[in-house]
Amino acid sequence: MKLRSLRIENQPALMIIPMIDIIFFLLVFFMMSTLYMVEQHTIPINLPQATAVQQEITKNSNITVLKDGRVMFEQEEIPLSLLQKRINAELAKQPDILFVVRADKQGQYGQVVAVLDELKLSGARRVAVATDQKGK
């Protein structure tokens, strides 16, 4: 009879508080890691800064003017002479598409104006210029 009471006393105790701590730690870890996993499919450039910055969430196409004056449509390099055709093709697919012009801060201003001119000639109605927020 003495053996029976020993079995009951030696059962392991389930400690719920450390398990809750571990679960919250894992939850925070996954939340923080997913924030860094969001990839921006853009070409890294040094954007100029502006005070009034607004973020667009809708589907857009990025046109990037690099520091050396090359023009990139999304991820591919495109000559300026073919940019209007590419813009027209995108407008045919989605007439309400937003074009975001991303130009390097030290890039060629004339090339940026040429890209904006091509957008206007193509009839793009929604055009935005990307900047970084001042003080960031």
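This is a predicted model: local features need pLDDT of at least 70, side-chain atom pairs count only at pLDDT 80 or more; totals for chains, interfaces and linings use all residues.
Residues are numbered from 1 along each chain as its sequence is written, and side-chain values use heavy atoms, without hydrogens and water.

**Helices α3 and α4**
- Helix α3 spans residues 80–93 and helix α4 spans residues 109–122.
- Their axes come within 9 Å and cross at roughly 40 degrees.
- Leu80, Leu83, Gln84, Ile87, Asn88 and Leu91 of α3 meet Gln111, Ala114, Val115, Glu118, Leu119, Leu121 and Ser122 of α4.
- Eight of these contact residues are nonpolar, four are polar and one is charged.

**Leu80**
- Leu80 is part of helix α3.
- Its relative accessibility is 24%, so Leu80 counts as partly exposed (between buried, under 20%, and exposed, over 50%, with a 1.4 Å probe and protein chains only).
- Beyond neighbours within four places in sequence, Leu80 is in contact with Val71, Gln111, Ala114, Val115 and Glu118 (contact means heavy atoms within 4.5 Å).
- Leu80 and Glu118 are 38 residues apart along the chain, with 8.3 Å between their C-alpha atoms.

**Aromatic pair**
- The structure holds one aromatic pair (ring centres within 6.5 Å).
- Phe29 and Phe30 form this pair, at 5.4 Å centre to centre.
- Their planes are 70 degrees apart, and the pair is edge-to-face (over 60 degrees).
- Phe29 has 46% relative accessibility and so counts as partly exposed.

Notes: Axes are lines fitted to C-alpha atoms, for helices over the stretch in contact, and angles run from 0 to 180 degrees between N-to-C directions. Helices (H or I, at least four residues) and strands (E, at least two) are DSSP runs, numbered from the N terminus. Ala, Val, Leu, Ile, Met, Phe, Trp, Tyr, Cys and Pro count as nonpolar, Asp, Glu, Lys and Arg as charged, and the others, Gly among them, as polar. Rings of Phe, Tyr and Trp (its six-membered ring) pair if their centres lie within 6.5 Å; planes under 30 degrees apart count as stacked, over 60 as edge-to-face and the rest as tilted.
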